[in-house]
Each structure stands twice: as C-alpha cells, then as structure tokens.
Amino acid sequence: MLHLISWNVNGIRSIAGKGFYAWLKESDADIVCIQETKAQQDQLDDSVFKPEGYHDYWASAQKKGYSGVAVYSKLKADKMELMGLDDFDNEGRVLRLEFGQLVLFNCYFPNSQDAGARLAYKLAFCKALKLICDGLVAQGKHVVICGDYNIAHKAIDLENPAANVGNPGFLPEERAWMDEFLTQGYVDCFRMFNKSAKQYSWWSYRTRARERNVGWRIDYFCCDTASAGLIKNAAIMPEQMGSDHCPVSIILELP
C-alpha cells in the first residue's frame, strides 16, 4: 500500500515556518506532492528543505516567487521529467515521476483569472496534459494525476455555485473540460468514496471563509479508469492548517 498526499502549500518557505516538516514526518506518507512552492532551489537551505529520509524533486518557475511544484518521496523515482512543453515548464506546472508501472503527475493547473484572462492558456494546459496521460494509459501504465486543478467540477464542489458561475475556477469551459476528462478515461478518486456536499479543500482568507466552511473543492487525485480498483481510499484533510488549501490523500495498492 502507498499513502499519497497532495497539498497546495501557498509558499514552501512560508509553510516551513508553520511546522510543515514536522507534519511531513508525522503524516507517514510515502509520497507528498506540493504545489505553489513559490521558490527556486537555490533560494532554499538544504538543511531545512531536504529532510532526511526523503528523495526530493522540484520544478520551479523561471519567475521568482511564482508557481512551482515539488515532491517528497520515501521511494526513489525510476525517472523524473517535466511536462516537456516550454510554455508550461517555464512556470513550473508539472512534475512527472515514474515508480515502476506507476506514473505520478504532480500538477499546479493555471488559474484562468478574472474575466478568463488566462482561460486559453489553462485549456491548452489541460488538453496537453490529457494527451500525455492518454499515451501512457495506452502503454498500460497506472496513471495518477494529483494537485491543485483550480477547477470546482460540479455545483456540489463549492459552497455558492450560482454566485460563482462567471468566476475563475467555475467557468463553463473549465467545467466542460472536467466533464470530458472524467468521462473519457479518468476517475475522481475522492468521489469514488464520498458523495457528500460541503467537502472542500480551499477557502478564501477573507470573510472567515474557512471557519464557516465556505469553500471550494479544487484539489484532486484522479487516476485512469483501468487503475480505479487500485485506489483503496481517498480523503480530504480539512483539519490540517498552514495554507488556504488543505491536503488531500489516497491509499493506492499496486499489483
């Protein structure tokens, strides 16, 4: 069994001062994927940011203090790659790690921004990612795609859907892509186990949103349909503080 966690930490240097590395050890996860690191490796002190017992992998944005993803893993990856497309790799959007037949994508999906200013960029990212995953699934790989998707898929996935139809993360085009993704070969792991409302992974820092649980579910683990039977549990961890997001997790049993 593998315990995998994904968490948008909203700045690795910020969350390091909030007990992240103590939490990392206490979590006992085999692999922890983080998004929005907002740092390049040469800005980080190895004595803090390379904890003993973990292999670490990084994809940083060219722009300092922006975007970026990283993975802490007790298992050494057989192979590490980025997305392979400069438009997205320049923003540190994807880490692709291979562990035998398992291919894990840690992703920080673009935000479509106000009035859909980056919607075309986001949809291009989504399309490209799915094409890459489709190719791996065709090879018989077990594909897991985790991270901050910056999309609430259905009305159940945010507290005030009617008021947010025109807002980034709940735009019709974004939701249509999720419809396509989840009907053409992939599964939302959390919804395999929990169909309840009010299950959120992000809350605005404004208006005491987290205290009132006025949130969005925009952080996911998804896998290819053929591998769905390997997912033994999936959860959201809203009690874990330190970011405007909370961690999400799965238990995966490889054959």
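User: Are Phe109 and Phe125 buried or exposed?
Analyst: This is a predicted model. A residue counts as buried when its relative accessible area is under 20%. By that cut-off, Phe109 and Phe125 are both buried.

User: How are the rings of Phe109 and Phe125 arranged, stacked or edge-to-face?
Analyst: The ring centres of Phe109 and Phe125 are 5.0 Å apart, and the planes make an angle of 70°. Planes over 60 degrees apart fall in the edge-to-face class. The pair Phe109 and Phe125 is therefore edge-to-face.

User: Which parts of the chain does this pair link, and how many residues apart are they?
Analyst: Phe109 sits in the loop between strand E7 (102-108) and helix H5 (119-138). Phe125 belongs to helix H5 itself.

User: Which residues form one aromatic cluster with Phe109 and Phe125?
Analyst: Rings pair if their centres lie within 6.5 Å. The cluster that holds Phe109 and Phe125 also includes Phe88, Tyr121, Tyr149, Trp177, Phe181, Tyr186 and Tyr220.

User: How many aromatic pairs are there by this rule?
Analyst: The rule asks for ring centres within 6.5 Å. With it, the count of aromatic pairs is 20.

User: What are the centre distance and plane angle for Trp7 and Trp23, and which parts does the pair tie together?
Analyst: Trp7 and Trp23 are edge-to-face, at 4.9 Å centre to centre and 70° between the planes. Both residues are buried. Because Trp7 lies in strand E1 and Trp23 in helix H2, the pair ties together parts 16 residues apart in sequence.

User: Which buried residues does H2 have, and why do they line one face?
Analyst: The buried residues in H2 are Phe20, Tyr21, Trp23, Leu24 and Ser27. An α-helix has 3.6 residues a turn, so residues three or four places apart point the same way. Seen down the axis of H2, the buried residues stay within an arc of 155°, so they line one face of the helix.

User: What covers the buried residues of H2, and which exposed residues are on the face turned away?
Analyst: The cover over the buried residues of H2 includes E1, helix H1 (12-16), E2, helix H3 (46-49) and E4. On the face turned away from the buried side, H2 carries the exposed residues Lys25 and Glu26.

User: What is the order of strands in the open sheet of six strands, and which strands stand at the edges?
Analyst: The open sheet has mixed pairing, in the order E3-E4-E2-E1-E14-E13. Strand E3 (55-59) and strand E13 (231-236) each have a single partner strand, so one side of each is left without a neighbour in the sheet. Neighbouring strands are turned by 15° against each other on average, with direction ignored. The edge strands are E3 and E13.

User: How many bridges does E4 have with E2, and how many with E3?
Analyst: E2 and E4 run antiparallel, and Val32 stands opposite Tyr72 in E4. E3 and E4 also run antiparallel, with Ser73 in E4 as the bridge partner of His55. E2 is joined to E4 by five bridges, and E3 is joined to E4 by five bridges.

User: Why is E4 described as largely enclosed?
Analyst: In a regular strand the side chains alternate between the two faces of the sheet. Val69, Val71 and Ser73 are buried on one side of E4, and Ala70 and Tyr72 are buried on the other. E4 is largely enclosed by the rest of the structure because the buried count is five of the five residues.

User: What is the relative accessible area of Glu91, and which side chain makes a polar contact with it?
Analyst: Glu91 lies in the loop between helix H4 (86-89) and strand E6 (94-99). Glu91 is buried, at a relative accessible area of 13%. Among its contacts beyond four places in sequence are Ala61, Tyr66 and Tyr121. The polar contact, at 2.7 Å, is with the side chain of Arg118.

User: Which side chain makes a polar contact with that of Glu98, and at what distance?
Analyst: Glu98 is in strand E6 and is buried, with a relative accessible area of 11%. Its contacts beyond four places in sequence include Asp78, Lys79 and Lys141. The side chain that makes the polar contact with Glu98 is that of Arg96, at 3.1 Å.

Note on methods. Residues numbered from 1 in each chain as written. Predicted model: local features only at pLDDT ≥ 70, side-chain atom pairs only at ≥ 80, totals over all residues. Heavy atoms only, no water. Pairing = 2+ DSSP bridges. Helix = DSSP H or I, 4+ residues; strand = E, 2+ residues; numbered from the N terminus. Axes fitted to C-alpha atoms, helices over the stretch in contact; angles between N-to-C directions. Buried < 20%, exposed > 50% of the residue type's maximum accessible area, 1.4 Å probe, protein only. Arc of directions from axis to C-beta. Contact = heavy atoms within 4.5 Å. Polar contact = N/O pair within 3.5 Å; in protein donor to acceptor, adjacent residues only side chain to side chain. Phe/Tyr/Trp six-rings, centres within 6.5 Å; stacked < 30°, edge-to-face > 60°.
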